[in-house]
Amino acid sequence: MRTGVWLIGARGSVAVTSIVGALAVRAGLADTTGCVTELPPLRGPALPSFADLVFGGHDIAATPLVKKADALASAGVVPGRLVAALHTELAGLEPQLRPLPAGATQAETAAAIAADLVAFRRRHDLDQVVVVNVSTTEPAPPPHPAHDDLAALAAALTEAPSGAPVLPPSALVAYAALGAGCGYVDFTPSVGARLPALDELARQRGAPYAGHDGKTGETLVKAVLAPMFALRNLRVRSWSGSNLLGGGDGANLAEPAANAAKAASKQRVLGEILGYQPQGHTRIEYVDDIGDFKTAWDLITFSGFLGTGMRMEFTWHGCDSALAAPLVLDLARLTAAAARAGRSGPLPELAFFFKDPIGSGPHALGDQWRALVEFAGYLHGQTAEPGGAA
């Protein structure tokens, strides 16, 4: 099943690491460590192979893929030997990347984005196209009455000039992608497709969507530890975290509104799992010197039998792009398979991958894993459609 993976933010660290990784696996130069879909419970004939993936994308930056890949190799994110071996393939992808279109109105911009997607599909004779947003985090948008109704949204986008946006960038891309019948995945905490009008559009066009905010580090650990406290009936009194990160994502999160959106997404999982919100906050600080790597330190205080107070600390040190890239490939493959199976609207079964998943499913990682395995069985024709389907 030839599948287009259209990356929003295609010249950024996560996107380029995803592309290098997919090309390396395809060429037999790397294994699939980190790719969840290669585990036996998920692997199967419904998923497009790495050889079936065709990459394209939009970005406001113009950095050549080879130059960005070289920078990632110098930073220790990807092996330099892979970049050297894949130089020709990376350079050959340049014609598939486009500057992000702009129009006089947001409707014109969305139409131009959709036209690029349709042309990409036709040019490569693709069965499916999945748009994955891996661009920088945007601030939470103010509410707009047109967000709740598709007809009102279409009218508002046509009337409002591009300088007075009805939709934030991630939602405008989702509008274009879903309208073109493409699957959409938001790997960021931006609003993306999480608007009633866009849900209506996805169902009309038979397009699935998933999101949001990829779960790669500190929140992944929270999704494992919080159920432990809940199942042992230990009362978590406070849970505070401090995150230090560099790179483009860190620089973007130095902006207060984007920082607030990200921090809220990271903290929300605790209330969902514990059933109450403990005291504490997640802090995110930009440290340019550590580049694409991130260090998170968390302090947890809790009480046990007879109110005895105790504490736990953990430190996570990881490379965000190397952790995120295989998940981006997983999500593209799963969303393409879902589209082929006739699913449209939200894919709550993909909650395993996200900090703040769409839908009302579980937030504990083990429960999310079981839902994902059940979903994979359905996609591969081994089981009936999961009861959690929207």
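**Close-up views of a predicted model**

Six bridges, written here as 6, join strands S1 and S4, and the two run parallel. This is a predicted model, in which local features need pLDDT of at least 70, side-chain atom pairs count only at pLDDT 80 or more, and totals for chains, interfaces and linings use all residues. Residues are numbered from 1 along each chain as its sequence is written, and side-chain values use heavy atoms, with hydrogens and water left out.

**View 1. The open sheet around S1 and S4.** Here 7 strands form an open sheet with parallel pairing, in the order S3-S2-S1-S4-S5-S6-S11. Two strands pair if DSSP finds at least two bridges between them; strands (E, at least two residues) and helices (H or I, at least four) are DSSP runs numbered from the N terminus. Strand S3 (97-99) and strand S11 (345-346) stand at the edges with a single partner strand each, so one side of each has no neighbour in the sheet. Look for Leu7, whose bridge partner in S4 is Val132.

**View 2. The largest nonpolar core.** This core has 62 residues, and Leu7, Phe55, Val132, Leu350 and Phe353 have the most contacts inside it. A nonpolar core is a set of buried Ala, Val, Leu, Ile, Met, Phe, Trp, Tyr and Cys residues joined through side-chain atoms within 4.5 Å; buried means under 20% relative accessible area, exposed over 50%, and partly exposed in between (1.4 Å probe, protein chains only). Among the elements that give two or more residues to this core are strand S1 (3-8), strand S2 (53-59), strand S4 (128-133) and helix H12 (320-340). H12 supplies the largest share, 10 residues.

**View 3. The surroundings of Phe55.** Leaving aside residues up to four places away in sequence, Phe55 touches Val5, Leu7, Ile19, Ala22, Arg26, Leu93, Gln96, Phe120 and Leu329. Contact means heavy atoms within 4.5 Å. A second, separate core of 40 residues includes Leu117, Tyr175, Ala177 and Val191.

**View 4. Helix H8 and its packing.** In helix H8 (residues 196-205), the buried residues are Ala197, Leu198, Asp199, Leu201 and Ala202. They pack against helix H6 (150-159), helix H7 (169-179), strand S6 (208-211) and S11. After H8 comes Gly206, with a positive phi near 65°.

View 5. The structure holds 6 aromatic pairs. Rings of Phe, Tyr and Trp (its six-membered ring) pair if their centres lie within 6.5 Å, with planes under 30 degrees apart counted as stacked, over 60 as edge-to-face and the rest as tilted. The ring centres of Phe229 and Trp239 are 6.1 Å apart and their planes are at 75°, so this pair is edge-to-face. Phe229 lies in helix H9 (residues 218-231) and Trp239 in strand S7 (residues 235-245), 10 residues apart. Phe229 is buried at 1% relative accessibility, and Trp239 is buried at 0%. Together with Phe302, Phe229 and Trp239 form one aromatic cluster.

**View 6. Arginines over rings.** Arg235 lies over the face of Tyr276, 3.6 Å from the ring centre. The charged end of Arg333 sits over the ring of Phe50, 4.6 Å from its centre. A charge sits over a ring if NZ of Lys or CZ of Arg is within 6 Å of the ring centre and within 35 degrees of the ring normal.

**View 7. Cysteines.** The count of disulfides (pairs of cysteine sulfur atoms within 2.5 Å) is 0. Cys319 is in no disulfide, and the nearest cysteine sulfur, that of Cys35, is 15 Å away. Cys319 is buried at 9% relative accessibility, and Cys182 is buried with a relative accessible area of 0%.
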